[in-house]
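Try each task before reading its solution.

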Amino acid sequence: MASPSLTSLSSVLNQQHCINLPRRCSILTLRFFSSNPCHFSPAISAARIVCSRRSFGRSSASAFSHRFSRSFSQSQCQPPVSIGGKLSEIPALHHFMPKASAAVTDAAVSDPQLDSITLSDVLPSGRIYHETYGCQMNVNDMEIVLSIMKKAGYSEIVEAPESAEIIFINTCAIRDNAEQKVWQRLNYFWFLKRQWKKNVAIGRSQSLHPPKVVVLGCMAERLKDKILDADKMVDVVCGPDAYRDLPRLLEEVDSGQKGINTLLSLEETYADINPVRIAKNSISAFVSIMRGCNNMCSFCIVPFTRGRERSRPVESVVREVGELWKEGVKEVTLLGQNVNSYNDTSGVEEVESGTNWKYSDGFNSIAKVKNVGLRFADLLDRLAVEYPEMRFRYTSPHPKDFPDDLLYVMRNRNNICKSIHLPAQSGSSSVLERMRRGYTGEAYLELVKKIRDIIPEIGISSDFICGFCGETEEDHQDTLNLVKTVGYDMAYMFAYSMREKTHAHRNYADDVPENVKQRRLTELIETFRDSTGQCYDSKIGSVQLVLVEGPNRRAPDIELIGKSDRGHRVSFTNTPIPDRDNNDVKRSPKVGDFVEVNVLKSTRASLHGEAVAITKLSSFYSDMHEEQRLACVSTA
C-alpha cells in the first residue's frame, strides 16, 4: 500500500493545473528537493523532468506520476552533499508545491533506491533516426554521435524517419552528386516537419512532435549558411569536430533558436568515446585512428571540412580494438583521411624533429611535419602482435607515406591483410602536378614495383578522377596506360566535380566538357575491367583463407560468402567440413569462422570455390609456412 506522502504527491502531479506557466513557455521543469538532511547522490542532486507543455495532458500526467511515485518510493537516503565545506542550501519541496508539503515527511524520503531515478526512467528524450552518406569515416562518425546521444539520454533508435523525434543525416561533400542526394532527403524530412499534424492524422507519421532535423558532417561545414537559410528546413547544423555539443544544440532548438557549431579543432579525436556499433553482431568493425588532412590536394575539400591532421593515442586505439575482440569482432579496418600519416606524439618523451619524417622514395608534400612520434607502422605492428587472431585492414592512405618499415611490417605480420589502397588519381605527371599530389606518374610506378617486390601477394586498389582541369587526351591516355601496367584489384573512378573553397576552384578553370568527362570515364572503366579480370583469374587453383560474413545473397540457402586476405569476395557451398582446431570434427561453417577455400573459378568481381576446412588464422599461416619450408628442403 502506498504511503500517504506518495499518495499526496501523486495526486498533486495528477492535477492538470497545479503549476501555472505563461502560454509562451514551452518547457515545464519540476525539481524535487527535500528539506531534511537526506539528499540525492551527487550525480542526481536534483531530478529534472522536462516535457513538452502541449503533450503533458491528463493521461500523460497520470502515467508520469505513477512512474515517478514508483521510483520515488524505492529511493534510498544518501549522505548530505557538501559544497565548500558547508551543506548545500536548497529549497524544500513545500516552497514549490504547498499541497504536498505536509505529506512529504522524513519517513517517505528515506525509502530505498532514490538514486535509481534517471532522466530516461521518467521521460524518453526522443527517438533517433539516422542516415549516412559518403565514406567509412562518416559511418564511424555516426557511431560516435550515437554514443554521445546515448550518454545524454537519447537511447532509442528507430528504423524509419516517420517514427523519430530527431533525424540525423550525416553528409558528404566530396562530389556534387552526393550533395544532391542529401538535398533530396532534406526536402522529405522538411515535409515530415511541415505536415506533421496531417501526417499523424493519416497514419504516415508516428512521432510525438515535429522532428528536429540535424545535418552532420562535411556538408554541415561547407554549406552551413545555405542549409540554415533553407526555409526552416534544418534545426541543427553540426560539423565533424563538434559532435560533443549536439545535446546542447538540441536544447537551443527547444528554446526557439537554431543550433550551429561547425568549428574545426586541432585536438579533437573522440579518443575517449566508445562508439555505438550500427551493425549489430557484425564480425567486422571500423576504428578511427586519426582525423583531418594536411595534404591540400587542389581538387579536395576535405582539409576545409575536416581540418588539420591529429592522431589518437596508440593506447586508446589498442583499448578500443580490445573491446571489439571481446565482442567477437574478427576484422578491424583502421580509418583516417590520410591514415598512414598517423603520428602519435602524446606518449613519446623525446619526439624527433619533423625533418626525420620519411616519405616514400620520390614523393614529397607541401605540408611539413613538426615532430615525429609513433608512426603508423608502430601502431599496426602493436595491434598485430596483441591480437594475432584478428585481421587488420586500413583506409585511406596517401602514396607518399609508405616508407620501407611499413611495408616490412605488412609482410611479416600474417594478420595484416595483403591489400593496399594506393590512390593514383591520374597517370599524367602534368595533371598530378596541378593536383598538387607530390609525385609523378613514374614515381608512382616505382612505388608499386617496390611494394610488389617486398610483398609479392599484395592486392592493390586505387582512385581515379577523369576530366580534371586542363586534362588533355594525352593525359587521359597516360591514365589508361597506368591502369593497364599496374593491374588493379579494384578502383573507384569518377568524373571531376569542382568544389568551392578548393585550390582548383580559386586557380583553375573547369574546362573539360561534361560529355568528354563521361566518355573518358567510360573508357577508364572498360580498361580497368579488362585488367582486373587477370587478377581474379590468377587465384584459380589457390587456397584462400576466407572470413565468413554470411549467406551469399545470390544463393542464400546453399552458399556462404566472405573476403579473402587480399579483399576478394569468395563464395562456397555450405556443407559440413573438418574443424582443424577440434580434432577435425565436421560441422557447417558459421559467420566469423576462418575457412580454407580451394578456388575453382572466377569472375571480374568475385571468386568461387570449395570449402576445405575450418581453421584459425594463426594455424593457417603456420601450416602454410611449414609446407613452404618443406618444399624448399626437398628442392635443395
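**Exercise 1.** Does Tyr508 count as buried, partly exposed or exposed, and what is its relative accessibility?

*Solution.* Keep in mind that this is a predicted model. Start with the cut-offs: buried means under 20% relative accessible area, and exposed means over 50%. Tyr508 comes out at 23%, so it counts as partly exposed.

**Exercise 2.** Work out how Phe468 and Tyr508 pair up, and what their pairing ties together.

*Solution.* First, the geometry: the ring centres of Phe468 and Tyr508 are 6.2 Å apart with 90° between the planes, making the pair edge-to-face. Next, the location: Phe468 is in the loop between strand E20 and helix H18, while Tyr508 is in the loop between helices H19 and H20, so the pair ties together parts 40 residues apart in sequence. Last, burial: Phe468 has 0% relative accessibility and therefore counts as buried.

**Exercise 3.** Now find the ring partner of Phe363 and describe the pair.

*Solution.* The partner is Tyr439, at 4.9 Å centre to centre; with 40° between the planes, the pair is tilted. Phe363 sits in the loop between strands E15 and E16, and Tyr439 in the loop between helices H16 and H17, 76 residues apart. Both Phe363 and Tyr439 are buried.

**Exercise 4.** Which residues of helix H15 are buried, and why do they line one face?

*Solution.* Pick out Leu406, Leu407, Val409 and Met410: these are buried. Looking down the axis of H15, the buried residues fall within an arc of 160°, so they line one face of the helix. Then check the neighbours: the buried residues of H15 pack against helices H14 and H17 and strands E18 and E19.

Notes
Residues are numbered from 1 along each chain as its sequence is written. This is a predicted model: local features need pLDDT of at least 70, side-chain atom pairs count only at pLDDT 80 or more; totals for chains, interfaces and linings use all residues. Side-chain values use heavy atoms; hydrogens and water are left out. Buried means under 20% relative accessible area, exposed over 50%, partly exposed in between (1.4 Å probe, protein chains only). Helices (H or I, at least four residues) and strands (E, at least two) are DSSP runs, numbered from the N terminus. The arc is that of the directions from the helix axis to the C-beta atoms. Contact means heavy atoms within 4.5 Å. Rings of Phe, Tyr and Trp (its six-membered ring) pair if their centres lie within 6.5 Å; planes under 30 degrees apart count as stacked, over 60 as edge-to-face and the rest as tilted.
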